[in-house]
Amino acid sequence: MSFFHLRTLAGNGWPALPNPQFSLLWSAYQQLDRTQWLDAPALERGQLVQLRTLLAHCREHVPYYRRVLREAGVDVAGLRSPADFRRVPVLTRHGVQRSAPDLQAAVLPAGTVAGDTITTSGSSGVPVTVGLTNASQLWWFACYLRDLEWSGLDPRGRLASIRYFKTTGEAGRQALEGVRVPCWNDVLAQLVENGPSYGMDVHQDPRRQLDWLRRVDPDYLLSFPSNLEFLAGLVAESGVRLPKLRAIQAVSETLTDEARAGIESAFGVPVRNTYSCAEAGYLASPCPAGHGLHVHAENVYLEVLDDAGDPVAPGETGRVVLTTLHNFRTPFVRYEVMDRATVAAGPCPCGRGLPLLTAVSGKSHPVLQLPDGSWQNSSRLAVRMRKIGGFYQFRIAQLAPDRYAVRVIPRADWSPDHAGRVVDMVREFCRHAVEVTVETATHRELSAAGKAADIVVAPARPPGPGATG
């Protein structure tokens, strides 16, 4: 029996039939229900079929790839293996910006229609513009349905979403106070039964967010991990949970194991973590059996590579390079998204043949130059800071190799001893008696898109070649 309650045509009670306008979406979702059980070799063969189709289109109609494929000597018709495909050069985010006009297709396949144009948030410092089509959006929504089913989020429930609203003026002011709409998603509501959805802009103070959540009393909560961590601290401090809450979905930012544990402990419900990006939509979703994140191999061809550009071994971590399989308007072929992921050591015990990731680290923490001239990845600094505790949120800014400013939004148990431990921790990380100032604040520092960076370099600068993890 389907997880969803399908809306049916007027005059047809049973069996349910979808509105013809959305029957293709329902068919795509059911295809995903079948292909998830294919074994890895069968999935790879299917991806190679689509990759040949995509590259043939790019060679004919996308100026950038016409040149790149010719210069790399890629035989599109003879593409028979992942090794053949790796002859296509990797495309960086800066490369996308430099070649933006030449990445747009001059002609679209028959039946493909240009859709919305979106721009990424630029959290990496390099925003990217993407032109969508009816085909790419079809698979985006199909993967959304799969993600809901795997995560157990029943769209008939009440959803509260605290995220960035791209609105200004009166609409922006309303979003800060919280808005209600009759369904989770306009497209979804035409296909399956939907409950109400409530939204609030993430720039609102978390204390007011929590008051609003208690009034809304949702079944599900969706927000950024950094915002969820702050809310979790408030919930833990008050001892009052949201009584009807069944699950939380973390989106857009990296969800660390420590953050997940803290959020789940405070709210008393599981936290689901979807891996997605604006350029490609859904990349991976949590395995229903809890074994990691399954890649949506029907939507993207996702590679995890080492520094030499070769696939990492099972169980190892590397950089994520992806190819969007169905966007023929702005194709991204072997596109490096500046994320890192860990590949599972073997097939998933759940029986699905879809590739399995055990961790996604998202945009890397900045690499910091130490006073002795060496370089160090700051991810361990963030882990050590969280272990000190006593705060809702923190921000460590490196002002110079020997100077740091730490800003915390303190909890009730914050004390001078916490501040001293922060100073000692930063100096231990730097292996030098650097200058460290620690100050408390009442308000968060968020980007325009509502994201919070826990470690920043000011002024920003590129890392040196000798950076170490």
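Start by selecting Ser 378, which sits in the loop between strand E17 (375-377) and helix H12 (379-388). Keep in mind as you go that this is a predicted model. Is Ser 378 buried or exposed? With a relative accessible area of 0%, Ser 378 is buried. Now show what surrounds this serine. Setting aside neighbours within four places in sequence, Ser 378 is in contact with His 365, Pro 366, Leu 368, Phe 429 and Ile 455.

**Stop two: aromatic rings**

Next, display the side chains of the aromatic residues. The structure holds 10 aromatic pairs. A pair of aromatic rings is described by the distance of the centres and the angle of the planes.

Select Phe 230 and Tyr 392 to see one of these pairs. Their ring centres are 4.8 Å apart and their planes meet at 5°, so the pair is stacked; the cut-off for stacking is an angle under 30 degrees. Where do the two partners lie? Phe 230 belongs to helix H10 (residues 225-238) and Tyr 392 to strand E18 (residues 391-400), so the pair ties together parts that are 162 residues apart in sequence. Phe 230 counts as buried at 0% relative accessibility, and Tyr 392 counts as buried at 8%.

Arg 444 lies over the face of Phe 230, at 5.9 Å from the ring centre. Arg 163 lies over the face of Phe 165, at 4.4 Å from the ring centre. Then select Phe 3, Phe 4, Trp 26 and Tyr 29, which form one aromatic cluster.

**Stop three: helices H9 and H10**

Now colour H10 together with helix H9 (residues 206-216). The axes of H9 and H10 come within 10 Å and cross at roughly 70°. That angle makes H9 roughly perpendicular to H10.

Which residues meet here? On the H9 side they are Pro 206, Arg 207, Gln 209, Leu 210, Leu 213 and Arg 214. On the H10 side they are Asn 227, Phe 230, Leu 231, Leu 234, Val 235 and Ser 238. By class, the contact of H9 with H10 has 7 nonpolar, 3 polar and 2 charged residues.

**Stop four: helices H2 and H3**

For another crossing, select helix H2 (residues 40-61) and helix H3 (residues 63-72). Their axes come within 6 Å and cross at roughly 105°. This makes H2 roughly perpendicular to H3. In H2, Leu 55, Cys 58, Arg 59, Glu 60 and His 61 take part in the contact, and in H3 their partners are Pro 63, Tyr 65, Arg 66 and Leu 69. The residues of this contact divide into 5 nonpolar, 1 polar and 3 charged.

Zoom in on Tyr 65, which is in helix H3. At 1% relative accessibility, Tyr 65 counts as buried. What does Tyr 65 touch, not counting residues up to four places away in sequence? The list is Cys 58, Arg 70, Leu 91, Leu 103, Pro 331, Phe 332 and Val 333. If you like, draw a distance line from Tyr 65 to Ala 280: the two are 215 residues apart in sequence and 18 Å apart in space, C-alpha to C-alpha.

**Last stop: the backbone**

Most residues other than glycine have a negative phi, and most peptide bonds are trans.

- Trp 14 and Pro 15 are joined by a cis peptide bond, with omega about -10°. Pro 15 is in the segment before helix H1 (23-35).
- Ser 252 has a positive phi of about 80° although it is not a glycine. Look for Ser 252 in the loop between strand E7 (247-250) and helix H11 (257-267). This serine is partly exposed, with a relative accessible area of 39%.
- Met 338 has a phi near 70°, a positive value in a residue other than glycine. Met 338 is found in strand E14 (residues 335-343), and its relative accessible area of 37% makes this methionine partly exposed.

Definitions and conventions:
Residues are numbered from 1 along each chain as its sequence is written. Side-chain values use heavy atoms; hydrogens and water are left out. Axes are lines fitted to C-alpha atoms, for helices over the stretch in contact, and angles run from 0 to 180 degrees between N-to-C directions. Helices (H or I, at least four residues) and strands (E, at least two) are DSSP runs, numbered from the N terminus. Angles under 35 degrees count as roughly parallel, over 145 as roughly antiparallel, 65 to 115 as roughly perpendicular and the rest as oblique. Contact means heavy atoms within 4.5 Å. Ala, Val, Leu, Ile, Met, Phe, Trp, Tyr, Cys and Pro count as nonpolar, Asp, Glu, Lys and Arg as charged, and the others, Gly among them, as polar. Rings of Phe, Tyr and Trp (its six-membered ring) pair if their centres lie within 6.5 Å; planes under 30 degrees apart count as stacked, over 60 as edge-to-face and the rest as tilted. Buried means under 20% relative accessible area, exposed over 50%, partly exposed in between (1.4 Å probe, protein chains only). A charge sits over a ring if NZ of Lys or CZ of Arg is within 6 Å of the ring centre and within 35 degrees of the ring normal.
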